[in-house]
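Here is a short tour of a few strand pairings and one surface feature. Have the model open as you read along.

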Amino acid sequence: MKRFVFVGVILVFAIIPNAALASLLNLGSEQIVQAGGADLVVNGHSVPSYVDWNNDGKGDLVIGEDDGGSREGKVRVYLNVGTASNPQFSDFFYAQSDGSDLTLFASGCLGAFPRTVYWDGDDRKDLIVGETYGTVMLYLNVGTDDNPTFDGGTALQVGPSGSEVDIDVGYRATPIVVDWDSDGSKDLAVGGLDGKMHIFVNEGTDTAPDFLVETFAQEDGSDLVVPSERSSAVIEDLDGDGKKDLLAGNTDGELLFYSNVGTDEAPLFSGYTLIESDGIAIDLLGTPRSRPFLCDWSGDGYSDILIGADDGKVHLFQGVPEPATISLLGLGVLALLRRKRA
């Protein structure tokens, strides 16, 4: 009897890593993030991210917005006044550039698409911000890592030395930093109104990026185009196979998961599945321009998704364990596996 039980545990141990990693995209019901006891609503077209802005060990909200009239884009910061496991928010301030609110020209459905990044190796968080007309701005931190404030910004460029031009994806640039080719240096992936993923591989160093050419993510031998267009991406290994995948928002407010059928060094894609919440495909009302961000909202080890939209709100879908995973938590096996992966 003892031998049978022991063998059973070994078999469970062998199959759980994939089950646990698959639960990264097992999402519960939709919630709306609140601030000051009411739904958090920016002026228009929210673009959320969740980072520790002030280095106090708690996640904070950094949200791009337009002014509701689509003429001015800014970046709001909501500091977490709760805890790491129970985020709470009240008031906000605007990110600063050259001593005043960081401001970009806005038009249509995008004011500012901000993502924090450590760009130049000085251990101070910087900002890259996608603009409505397809360009990508870099704002270097001239303050401290605990209290960021930024310079006036420069447009990121692509091309050989002496022939560089501003990166321009057409309209509605949605940039993220990712090591696309797994060489240890930061690259850029930029979505746009055209629904493509514009890839800029870094030919310089990790602290002094140099982009020579523009390429495109590929699906079945052609440029990948996200249905209904206005691509906005998360690029991470989401199915636990050791290869980076693509999670894309679109005009229609959906989340599309493209599994990498290539390699981690050379991603390729072939079709997509719709991400669900409580067993139903996520599909925000109207044509809201879903702009996702992957995070661990409550520090429970499960990946959660924030989605920005035209209503100015921040839509939260928290990850929940699969039924099999819940059983393993009771056995204490999953905690052991997490420690092993860490």
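Strand E19 (residues 197-200) and E20 run antiparallel and are joined by 2 bridges. Within this pairing, His198 stands opposite Phe216 in E20. Please keep in mind that this is a predicted model.

Zooming out, E19 and E20 belong to an open sheet of 4 strands, arranged in the order E17-E18-E19-E20 with antiparallel pairing. Which strands stand at the edges? They are strand E17 (174-178) and strand E20 (215-216); each has a single partner strand, so one side of each is left without a neighbour in the sheet.

Another pairing worth a visit involves strand E11 (residues 113-117), which is mostly covered, with 4 of its 5 residues buried. E11 is joined to strand E12 (residues 126-130) by 5 bridges, and the two run antiparallel. Val117 has Asp126 in E12 as its bridge partner.

The two pairings can be set out together:

| Strands | Bridges | Direction |
|---|---|---|
| E19 (residues 197-200) and E20 | 2 bridges | antiparallel |
| E11 and E12 (residues 126-130) | 5 bridges | antiparallel |

Now for the surface. A patch of negative charge gathers Glu164, Asp183, Glu203 and Asp210 there.

Notes:
Residues numbered from 1 in each chain as written. Predicted model: local features only at pLDDT ≥ 70, side-chain atom pairs only at ≥ 80, totals over all residues. Heavy atoms only, no water. Patch = residues over 30% accessible without salt bridge, like charges linked within 9 Å, V, L, I, M, F, W, Y side chains within 5 Å. Areas by Shrake-Rupley, 256 points an atom, 1.4 Å probe, with all protein chains shown as cover. Salt bridge = Lys/Arg side-chain N within 4 Å of Asp/Glu carboxyl O. Lys, Arg positive; Asp, Glu negative; His and termini not counted. Charge placed at Lys NZ, Arg CZ, Asp CG, Glu CD. Pairing = 2+ DSSP bridges. Buried < 20%, exposed > 50% of the residue type's maximum accessible area, 1.4 Å probe, protein only.
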